[in-house]
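Trainee: I'd like to learn how to read a model like this one, feature by feature. Could you walk me through it?

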Amino acid sequence: MSNTSTPYDDAQRTLSVDCPSLLIPLVNEAFQTDYPLDADVKLYNNEFFITTGNDQKRITDSNFSINGETTVRYHFECQSTEDGSLALRLFEYGAQIALTMADYSKDESTFIFPHAAVLYLRTETTTPSSIKMRIVTPGGDVSYEIPVVRVQDYSLEEIFEKRLLFLLPYYFLRYQLELLERDADARQALRNTYRDIFQRLSLLEKGGEITEFTRQSIKAMIDKVAMFRASRYASVKKEVEEIMGGQILNYEAKDIRNMALREGMQEGIAQNILAMYRKGKTPEEIAELIDKDLEEVRSVIEKNVLNTL
């Protein structure tokens with residue numbers, strides 16, 4: 001995505017940062033991997049400075065790694081409807097991430113692109129099951145496929161069976177709001193479905209599969225997306241407000257957790273800076289690549305490298 005943001009993007013980034021373990025089943029589904037649900041997930045900087053006709057900062061939806069037998073870097077993009085820019089964004093962000101992981105030497109430099117995937121929130125007849133990328137280089141062509149997770153392909157049973165709880169905020173997008181607005185029975189069915197969702201989440205919490213914090217975070221994002229979608233339909237909005245239980249509270253646990261996660265993000269940025277510095281990049285080059293203040297980059301280097309000499 002770019003600088004502009006929607007509740008759909010916010011939901012993906014919020015759950016990625018607040019509840020990164022929810023990314024593991026999503027990766028397993030997209031790439032047919034088998035990471036355990038308690039695998040170590042590490043978040044990375046998701047802001048990149050893209051030089052185009054108009055220089056601008058852009059924000060990826062999810063940029064992270066999972067530690068298994070090896071550490072693998074992943075990049076997920078959230079897409080609501082096809083806008084023609086998705087393949088370009090995937091390449092631009094992939095290239096920026098590759099720069100942060102590059103292995104530089106005098107004889108050969110290696111640029112490692114992340115494993116990318118797309119989360120399609122709505123499914124249409126033209127929605128692909130994968131995106132083919134082909135890069136033509138002087139040394140030959142490189143082709144690969146980017147998997148697509150189509151949210152509306154999954155029933156509620158499948159979402160809970162596969163623990164794809166990351167998809168729950170987007171479940172509301174499959175409803176036809178015009179039908180809900182004029183049909184009281186459809187609104188009652190909606191109420192029953194979300195009562196079921198919240199009960200299932202409570203059971204997962206009681207069984208120790210998710211924490212209270214994770215349950216609250218998922219519900220908050222369900223509320224956010226549903227209220228955004230229902231805002232122009234009076235009867236649907238009223239129903240959603242009653243289902244979701246009114247105003248979302250700002251829990252102290254969330255504030256504490258978010259502070260800790262922000263500190264973890266800063267640690268990840270510092271590690272990227274140090275990795276590039278040790279591979280021969282100057283502080284000026286690093287600052288430009290990751291769109292950080294030069295003094296901040298120098299401070300990280302001085303604190304972690306120069307002081308140990």
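Mentor: A residue is called buried under 20% relative accessible area, exposed over 50%, and partly exposed in between, using a 1.4 Å probe and protein chains only. The areas themselves come from the Shrake-Rupley method with a 1.4 Å probe, and for residues only the protein chains shown count as cover. R134 is exposed, because its relative accessible area is 58%.

Mentor: Some ground rules before we go on. This is a predicted model, so local features need pLDDT of at least 70 and side-chain atom pairs count only at pLDDT 80 or more, while totals for chains, interfaces and linings use all residues. Residues are numbered from 1 along each chain as its sequence is written, and side-chain values use heavy atoms, with hydrogens and water left out.

Trainee: Which residue does R134 meet in a salt bridge?

Mentor: General idea: side chains of opposite charge can pair when their charged atoms come close. The cut-off here is a side-chain nitrogen of Lys or Arg within 4 Å of a carboxyl oxygen of Asp or Glu. R134 pairs with D141, at 2.7 Å from N to O. D141 is partly exposed, given its relative accessibility of 45%.

Trainee: How far apart are the closest N and O atoms of D153 and R150?

Mentor: They are 2.8 Å apart, and the two residues form a salt bridge. D153 counts as partly exposed because its relative accessibility is 39%. R150 is partly exposed too, with a relative accessible area of 22%.

Trainee: How many salt bridges does a search of the whole structure find?

Mentor: The count is 16. One of them joins the side chains of K224 and D10, at 3.4 Å from N to O. K224 sits in helix 7 (residues 212–230) and D10 in helix 1, so this pair ties together parts that are 214 residues apart in sequence. K224 is partly exposed, at 35% relative accessibility. There is also a network of salt bridges here, linking D10, R13 and K224.

Trainee: Is helix 1 mostly covered or mostly open?

Mentor: Mostly covered, with 10 of its 12 residues buried.

Trainee: Which residues of helix 11 are buried?

Mentor: Start with the geometry: an α-helix has 3.6 residues a turn, so residues three or four places apart point the same way. In helix 11 (residues 294–304), the buried ones are V297, V300 and I301. Viewed down the helix axis, they fall within an arc of 95°, so they line one face of helix 11. That arc is taken from the directions from the helix axis to the C-beta atoms.

Trainee: Which residue caps the N-terminal end of helix 11?

Mentor: D293 does, with a side-chain oxygen 3.0 Å from the backbone nitrogen of E295. A polar contact is a pair of N or O atoms within 3.5 Å; within protein, one must be able to donate a hydrogen and the other to accept it, and residues adjacent in sequence count only if both atoms are side-chain atoms.

Trainee: What about nonpolar patches on the surface?

Mentor: Patches are made of residues with over 30% relative accessible area and no salt bridge; like charges are joined within 9 Å, and nonpolar side chains (Val, Leu, Ile, Met, Phe, Trp, Tyr) within 5 Å. Here F91, F111, F113, V142 and Y144 form a nonpolar patch with about 410 Å² of accessible area together. F113 lies in the loop between helix 3 (86–100) and strand 6 (115–120), and counts as partly exposed because its relative accessibility is 31%.

Trainee: Where does Q32 sit?

Mentor: Q32 is in the loop between helix 2 (23–31) and strand 1 (40–43). Its phi is near 55°, a positive value in a residue other than glycine. Q32 counts as exposed, at 64% relative accessibility.

Conventions. Helices (H or I, at least four residues) and strands (E, at least two) are DSSP runs, numbered from the N terminus.
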